[in-house]
Every structure is written in structure tokens, then in C-alpha cells.
Amino acid sequence: MRKGAVLCAALLLSACSSTIDNTYYQLPSKPAAMQVRSGGNAQPPALWVQQVAVPDYLAGNGLVYQTSDVKYVIAANNLWASPLDQQLQQTLVANLSKALPGRLVSAAPLGEKHDTLSVTVTGFQGRYDGRAVVSGEWVLQHNGRVVKQGFDLALPQNEDGYDALVRTLAIGWQQTAQQIANAAITTE
């Protein structure tokens, strides 16, 4: 009788301690087809996306959620599929390539003459008020001229959950890429 109670208790405990599966997220990005300008117009220099830097609290694997004005929680089971800085750089290259048709945009320097873009992301998280935060600054170097501009978006999240958060963050990142593209066009 006692062995049966111990066995029953062990089975109940093992059933309660089931493992939680990890969920991995990747920023959505549609690859852009390269469109090259033809004719006598001079090609603008290639644009090298040198780096996208993120602070330590965003550099880990877990998605970040801000629970108050001073408190952040890093998810243990909702993780980035690859390092966030790499995802941000790759999607920025894709978004800029789409926004700047005819201009070569790359994550590596191409040729001797190229423009250089560096981005520092200071916020890329969900927030307690149902918004997704995308903030930081970028620096574009073109022909010895430097353009520096900040970005600070707080986009409403239309649904609950990490899927919706990642999609909303991607929209904010795409808007940031468009802001950079607009600046790159005016510097040509």
C-alpha cells in the first residue's frame, strides 16, 4: 500500500514538472530584388551598413518586455532565432535595398568609395501600455558629410502575444529604414 502511494505521488510530480518548449522568433523580411539604374546617370555609391549595435539587455537571446518605467523582463522561453543585432542588420539591408532601388546596399564594404551607415538601437521591446518601442540613432557618412538623426517610435500593438510584438517591432524597424533611406536620397 505504501509503495503504491509513493509511486502515485512520483507520477503526479513528474506530470506537473513537464518541460516548457522554447519558441524562437525571426524578424520578417522580404528579400528585395536588385534594380540597377541604366543610362548615363552616375550610380550613387554603395551603402555599407557597417553595424547595428544593441545594448546588453537586448543582446541576449530573450525578447524584452518593459513592465514599468524602470523595470524590464527578459523572456526565458520566447527567444530570438539568431542574435538580434544580426537580424536588425540583415533586415535593415533588405529594407534599404527595397527603399533605394538602383543603389547597392550591403552588410560588407564594397569598393573603395561607399557611404557608411552605423546604427545604435537603444530600445527594441514591448511595453506595459501595449506599445512596441523602437528607438536609437543612426549616423550616415556620405562624401565627408555626416548626418546623424535619432528615432523614437512607440507603435500600438494590435494583438496580444509575442508574435504580434515581433511583427509590430518589424514595422517600426521598417519605418526607421525608410527614414534612413529618405536621408540617403537627399544626400545624393
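**Close-up views of a predicted model**

**View 1. Leucine 58 sits in helix α2, residues 56-59.** Helices here are DSSP runs of H or I with at least four residues, strands are E runs with at least two, and both are numbered from the N terminus. This is a predicted model, in which local features need pLDDT of at least 70, side-chain atom pairs count only at pLDDT 80 or more, and totals for chains, interfaces and linings use all residues. Residues are numbered from 1 along each chain as its sequence is written, and side-chain values use heavy atoms, leaving out hydrogens and water. Leucine 58 counts as buried because its relative accessibility is 2%; buried means under 20% relative accessible area, exposed over 50%, and partly exposed in between, with a 1.4 Å probe and protein chains only.

**View 2. Here are the neighbours of leucine 58.** Leaving aside residues up to four places away in sequence, leucine 58 touches Val64, Leu84, Val121, Thr122, Gly123, Phe124 and Gln125; contact means heavy atoms within 4.5 Å. Between leucine 58 and glutamine 125, 67 residues apart along the chain, the C-alpha separation is 8.3 Å.

**View 3. Now to the largest nonpolar core, with its 38 residues.** Such a core is a set of buried Ala, Val, Leu, Ile, Met, Phe, Trp, Tyr and Cys residues joined through side-chain atoms within 4.5 Å. Leu92, Leu96, Leu117, Val119, Val121, Phe124 and Trp173 touch the most other members. Elements giving two or more residues to this core include β2 (46-53), α3 (84-99), β6 (114-127) and α4 (162-187). The most come from α4, with 10 residues.
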